[in-house]
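Subject: Structure for you to look at

Hello,

Here is the structure I promised to pass on. Please open it next to this email and follow along.

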Amino acid sequence: MSSPITQKTLQSLYDDFPGIREDPFQVRKTSTKLVYIPVPGEKIDTYIDGPSGSIVKEVSRTVPKNEENGSYVVICTLLQNSTKHQQKYFIPWNDFVQRYTLMNGDPITPVNKPIFYTDIITVRAKGIATAFKALPTDTPSGQYEQPPSWGPGFASGANQDGYWMASVQQPDEYYFMPTQQFNNDYIKITNNYFKNLLEKKTH
């Protein structure tokens with residue numbers, strides 16, 4: 001069995017492999033997500049869609065117990081291949097408010113934070129990420145070293161068609177995303193996107 005690919009190797013793939021795969025490109029988030037504030041110590045299992053209608057348990061992480069309640073937010077994505085499981089992961093609250101807005105486009109602030117304690121809320125994603133195509137030879141076992149912010153260990157499920165992704169907030173931390181989810185959640189940024197954005201700002 002092959003060894004899991006490391007974060008260092010993923011960085012080298014991003015930096016040093018012109019011609020082998022499409023150059024890295026930027027994408028814009030277009031999706032909505034279900035979110036809630038977890039209890040410290042809560043175990044979060046992350047599943048992703050796998051090949052041939054399967055699902056893969058990518059990783060399990062525990063919300064830190066030594067930080068106050070409300071320090072993290074769980075992001076939930078529905079899976080195409082399962083109604084029982086979801087792709088769930090948690091990020092710090094301060095990171096969350098930079099990446100998401102309320103459904104009406106208003107920013108998420110401490111004033112409306114209490115609603116996330118008592119219910120699962122739908123929010124709108126915003127922001128930009130970097131992506132490049134994953135190849136079958138990157139990690140034949142499907143395992144990869146977790147991004148440092150996830151904690152030590154290895155994630156699974158990368159031995160299928162998909163992309164290596166990195167957020168603007170953590171540009172040196174790579175994670176895998178299956179193609180179907182990528183197509184649902186992101187659009188590739190073109191020169192026309194930046195042109196339209198500039199025009200909106202100048203009118």
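The largest nonpolar core has 24 residues. A nonpolar core is a set of buried Ala, Val, Leu, Ile, Met, Phe, Trp, Tyr and Cys residues joined through side-chain atoms within 4.5 Å. Buried means under 20% relative accessible area, exposed means over 50%, and partly exposed is in between (1.4 Å probe, protein chains only). The residues with the most contacts inside this core are Val27, Tyr144, Trp164, Met165, Phe176, Phe182 and Tyr186. Five elements each supply at least two of its residues: helix H1 (7-16) and strands S1 (25-29), S9 (128-133), S12 (162-167) and S13 (175-178). Helices (H or I, at least four residues) and strands (E, at least two) are DSSP runs, numbered from the N terminus. S12 gives the most to this core, with four residues. There is also a second, separate core of 14 residues, and Trp93, Phe96, Ile108 and Val123 are among them. In soluble globular proteins, nonpolar side chains tend to be buried together.

A note on the source. This is a predicted model, in which local features need pLDDT of at least 70, side-chain atom pairs count only at pLDDT 80 or more, and totals for chains, interfaces and linings use all residues. Residues are numbered from 1 along each chain as its sequence is written, and side-chain values use heavy atoms, with hydrogens and water left out.

Now the whole chain. The protein chain has five helices and 14 strands. Its radius of gyration is 17 Å, close to the 17 Å that the globule rule gives for 203 residues, so the chain is as compact as a globular protein of that length. That radius is taken over C-alpha atoms, and the globule rule is 2.2 Å times the number of residues to the power 0.38. Along the principal axes, the C-alpha atoms fill a box of roughly 50 × 50 × 30 Å. Of the 203 residues, 42% count as buried.

Next, the salt bridges. How many does a search of the whole structure find? The search finds five. A salt bridge here is a side-chain nitrogen of Lys or Arg within 4 Å of a carboxyl oxygen of Asp or Glu. Three of them are worth a look:

- Lys188 and Glu22 meet at 2.7 Å, N to O. Lys188 lies in strand S14 (residues 186-188) and Glu22 in the loop between H1 and S1, so the pair ties together parts that are 166 residues apart in sequence. Lys188 is partly exposed, at 46% relative accessible area. Glu22 is partly exposed too, at 43%.
- Lys33 pairs with Asp185, and their closest N and O atoms are 2.6 Å apart. Lys33 sits in strand S2 (residues 32-36) and Asp185 in helix H4 (residues 179-185), so this bridge ties together parts that are 152 residues apart in sequence. Both Lys33 and Asp185 are buried.
- Asp161 pairs with Lys133, with 2.8 Å between the closest N and O atoms. Asp161 is in the loop between strand S11 (154-155) and S12, while Lys133 is in strand S9, 28 residues apart. Asp161 is partly exposed, at 46% relative accessibility.

Then the largest pocket. About 440 Å³ of space lies in it. On a 1 Å grid over the protein atoms alone, a pocket is an open set of points where a 1.4 Å probe fits, with protein on both sides within 12 Å along at least five of seven lines; lining residues have an atom within 4 Å of a point. Grid points are joined across faces, edges and corners, and the volume is the space filled by probe spheres set on the points. Which residues lie nearest the centre of the largest pocket? Of the 31 lining residues, they are Tyr89, Ile91, Arg99, Trp150 and Tyr175. Strands S4 (55-62), S5 (72-78), S6 (86-92) and S13 give two or more residues to the lining, as do helices H2 (93-99) and H4. S6 gives the most, with five residues. By class, the lining has 15 nonpolar, eight polar and eight charged residues. Ala, Val, Leu, Ile, Met, Phe, Trp, Tyr, Cys and Pro count as nonpolar, Asp, Glu, Lys and Arg as charged, and the others, Gly among them, as polar.

Ser52 is in the loop between strand S3 (43-49) and S4. Its phi is near 55 degrees, a positive value in a residue other than glycine. Ser52 counts as exposed, at 81% relative accessibility.

Best wishes
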